[in-house]
Amino acid sequence: MPLYEHVFLARQDVTAQQVEELTTRFKGVIEANGGSVGKTEYWGVKSLTYRINKNRKAHFTLLNITAPAAAIQELERQQRIDEDVLRVLTLRVEEHEEGPSAMLQKRDRDDRGERGDRGDRGDRGDRFGGREDRPRRPRVTEETQAEEEN
């Protein structure tokens, strides 16, 4: 059976629990049509590059699906009907990725925070020779400008 990666975007004003219910309903559609869902990843609420139906953010969810093409067509038809689903993308793949997807790996990197130890690089404050090497320019105010004109 063909393998698919399916991502759908849900409106930002639905709750995470409602997104889980949507995912469960869509899994049921796939299984009713002779397919199976291997992995489900909820990527969270992310900003959209451009507005979609007046929404600036959306809930992102990935499904790894093994199903016949008819099941995918029915899934996408159901999602077009649902007003909570903004966009859908289905890609046929040769094999599913093992472990977390690139989006979850990126989120894990972002969660690590700032790097405390910079090693031998220092804090980069000495780049371009530093400010203490240059002489200070005199500050120009209205009074000094009036004095220079007289």
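Which exposed residues does the face of α1 turned away from its buried side carry? They are Q17, T24 and A32. With that in mind, let us walk through this predicted model, beginning with the chain as a whole.

## The chain at a glance

Four helices and four strands make up the secondary structure of the protein chain. Read from the N terminus, the elements follow the order β-α-β-β-α-β-α-α.

Of the 150 residues in the protein chain, 32% are buried. The chain exposes about 11400 Å², and carbon and sulfur atoms supply 44% of that area. Contacts can also be sorted by how far apart the partners sit in sequence. Among those with a separation of 6 or more, 76% are between residues 24 or more positions apart.

Helix α1 covers residues 16–32, which makes 17 residues. From its first C-alpha to its last it reaches 24 Å, close to the 24 Å expected at 1.5 Å a residue.

The buried residues of α1 are V19, L22, T23, F26, V29 and I30. They sit on the same side of α1 because they cover an arc of only 115 degrees around the axis. Just after α1 comes G34, which takes a positive phi of about 90 degrees.

Helix α2 has 13 residues. Its reach from first C-alpha to last is 19 Å, close to the 18 Å expected at 1.5 Å a residue.

Here the buried residues are A71, I72, L75 and Q79. Their arc around the axis is only 100 degrees, which puts them on the same side of α2. Turned away from that buried side is a face with the exposed residues A70, Q73, R80 and I81. And what covers the buried residues of α2? The cover includes β1, α1, β3 and β4.

## H6, a buried residue in strand β1

Strand β1 runs through residues 3–11, and H6 lies in it. Is H6 buried or exposed? Its relative accessibility is 0%, so H6 counts as buried.

The side chain of H6 makes a polar contact of 2.9 Å with the side chain of Q79, and Q79 is one of the buried residues of α2. Leaving aside residues up to four places away in sequence, H6 touches T61, L62, L63, I65, L75, E76, Q79, V88, L89 and T90.

## One aromatic pair

How many aromatic pairs does a search of the whole structure find? It finds one. The partners are F8 and F26, arranged edge-to-face, with 5.2 Å centre to centre and 90 degrees between the planes. Since F8 lies in strand β1 and F26 in helix α1, the pair ties together parts that are 18 residues apart in sequence. Both F8 and F26 are buried.

## Bringing it together

Technical notes. Residues numbered from 1 in each chain as written. Predicted model: local features only at pLDDT ≥ 70, side-chain atom pairs only at ≥ 80, totals over all residues. Heavy atoms only, no water. Helix = DSSP H or I, 4+ residues; strand = E, 2+ residues; numbered from the N terminus. Buried < 20%, exposed > 50% of the residue type's maximum accessible area, 1.4 Å probe, protein only. Polar contact = N/O pair within 3.5 Å; in protein donor to acceptor, adjacent residues only side chain to side chain. Contact = heavy atoms within 4.5 Å. Expected span 1.5 Å × (residues − 1). Arc of directions from axis to C-beta. Areas by Shrake-Rupley, 256 points an atom, 1.4 Å probe, with all protein chains shown as cover. Phe/Tyr/Trp six-rings, centres within 6.5 Å; stacked < 30°, edge-to-face > 60°.
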